[in-house]
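Subject: Structure handover

Hello,

Here is the structure we talked about. Please open it and keep it beside you while you read my notes below.

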Amino acid sequence: MISKHIYSVGWEAEGGICLEDYDKIEQDPRFCGRVELGGDLSVDVRKSLNVSTNCYWKSNAEIKYWDYDFERFKEFARTLFSLSFRQNSTCGNHFHLRFKSLIYPSLFTLYEAQKMFIEKYIETYKDQKKYMARLNNNYSKAPEDINDIIKNFYGPREFRYYAINFQSFFSHSYETLEFRIMPYARDANELISQAEFIITTVEEIISKFYKRSIKIDLKLNKVMRSVFKEVK
């Protein structure tokens, strides 16, 4: 388990990597079965970051990894960045959280809960331009009001580009809430710090809003599953 309310954390790592290195980490027994390679990006960071070009370079990599052990998740991040994997300013980091109960992600349908997340984000990263730019980025914008959350929840696929994205519940079978807000990371330490911020902030929000919603019908789990099935 990742934390009190979070069962697992996933990471979509946009960037570039030598395919030999991807094969190496995919076959690593520590991570085997939880790594996947996709990508529709255009990233080439070899020259600017002195990455060796003596390999078959995949410039549009999107490496997906998930784990229910956060220490092993951090080990994966450190291993990946120790190889040829790199990100640049065209990249973002998307984190997927799976919860112990569907009641917990349902709290983020409240605009006040998402507003608290954004406020914590601004408070933490207000002096870092690349983080602040993500708030108005076309792929990770902050919701302005409840209407944005409704569009994200019920709208077509093009409405997934919000800082917190519910459509990952609908497009995947993993029932994860996607956090698209984080920019590229210069190294594993920054990436791990991003994940820690999201986990800590989400836990704080759940604790606050679940207490306020303690009278929620405990059958909400079934209701949420019904809604997700209907939207699919």
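A first look goes to R30. This is a predicted model, and in it R30 is partly exposed, with a relative accessible area of 34%. Its partner is D28: the two side chains meet in a salt bridge, with 2.6 Å from N to O. D28 is buried, because its relative accessible area is 14% and the cut-off for buried is under 20%.

Other salt bridges

How many salt bridges does the structure hold? There are 13.

Take E204 and K120 next. Their side chains meet in a salt bridge at 3.0 Å, N to O. E204 sits in helix 8 (residues 188-212) and K120 in helix 4 (residues 111-125), so this pair ties together parts that are 84 residues apart in sequence. E204 counts as partly exposed, at 36% relative accessibility. K120 is also partly exposed, at 24%.

Then look at R180 and E178. Their side chains form a salt bridge too, at 3.3 Å from N to O. Are these residues buried or exposed? R180 has 6% relative accessibility, so it counts as buried. E178 has 5%, so it is buried as well.

Salt bridges can also join up. K130, R186, D187 and E190 are linked in a network of them.

Helix 2

Helix 2 covers residues 70-82, which makes 13 residues. At 1.5 Å a residue, it should span 18 Å. Its end C-alpha atoms are 18 Å apart, so the model agrees with that expectation.

What caps the N-terminal end of helix 2? The cap is D69. One of its side-chain oxygens lies 3.0 Å from the backbone nitrogen of E71.

E14 in strand 1

E14 lies in strand 1, which runs over residues 6-18. Its relative accessibility is 9%, so E14 counts as buried. A polar atom of the E14 side chain lies 2.8 Å from the backbone nitrogen of G92. Now find Q87. E14 and Q87 are 73 residues apart in sequence. In space, their C-alpha atoms are 6.7 Å apart.

S101 in a loop

Where does S101 lie? Look in the loop between strand 4 (92-99) and helix 3 (103-106). S101 is buried, because its relative accessible area is 14% and buried means under 20%. The side chain of S101 reaches the backbone nitrogen of I103, at 3.1 Å.

A surface patch

Last, turn to the surface. I146, I150 and Y154 form a nonpolar patch there. Together they have about 300 Å² of accessible area. I150 belongs to helix 6, residues 146-154. At 42% relative accessibility, I150 counts as partly exposed.

- Start with the salt bridge between R30 and D28.
- Go on to the pair E204 and K120.
- Find D69 at the N-terminal end of helix 2.
- Finish at the patch of I146, I150 and Y154.

Best wishes

Conventions
Residues are numbered from 1 along each chain as its sequence is written. This is a predicted model: local features need pLDDT of at least 70, side-chain atom pairs count only at pLDDT 80 or more; totals for chains, interfaces and linings use all residues. Side-chain values use heavy atoms; hydrogens and water are left out. Helices (H or I, at least four residues) and strands (E, at least two) are DSSP runs, numbered from the N terminus. Buried means under 20% relative accessible area, exposed over 50%, partly exposed in between (1.4 Å probe, protein chains only). A polar contact is a pair of N or O atoms within 3.5 Å; within protein, one must be able to donate a hydrogen and the other to accept it, and residues adjacent in sequence count only if both atoms are side-chain atoms. The expected span of a helix is 1.5 Å times one less than its number of residues. Patches are made of residues with over 30% relative accessible area and no salt bridge: like charges are joined within 9 Å, nonpolar side chains (Val, Leu, Ile, Met, Phe, Trp, Tyr) within 5 Å. Accessible areas come from the Shrake-Rupley method with a 1.4 Å probe; for residues, only the protein chains shown count as cover. A salt bridge is a side-chain nitrogen of Lys or Arg within 4 Å of a carboxyl oxygen of Asp or Glu.
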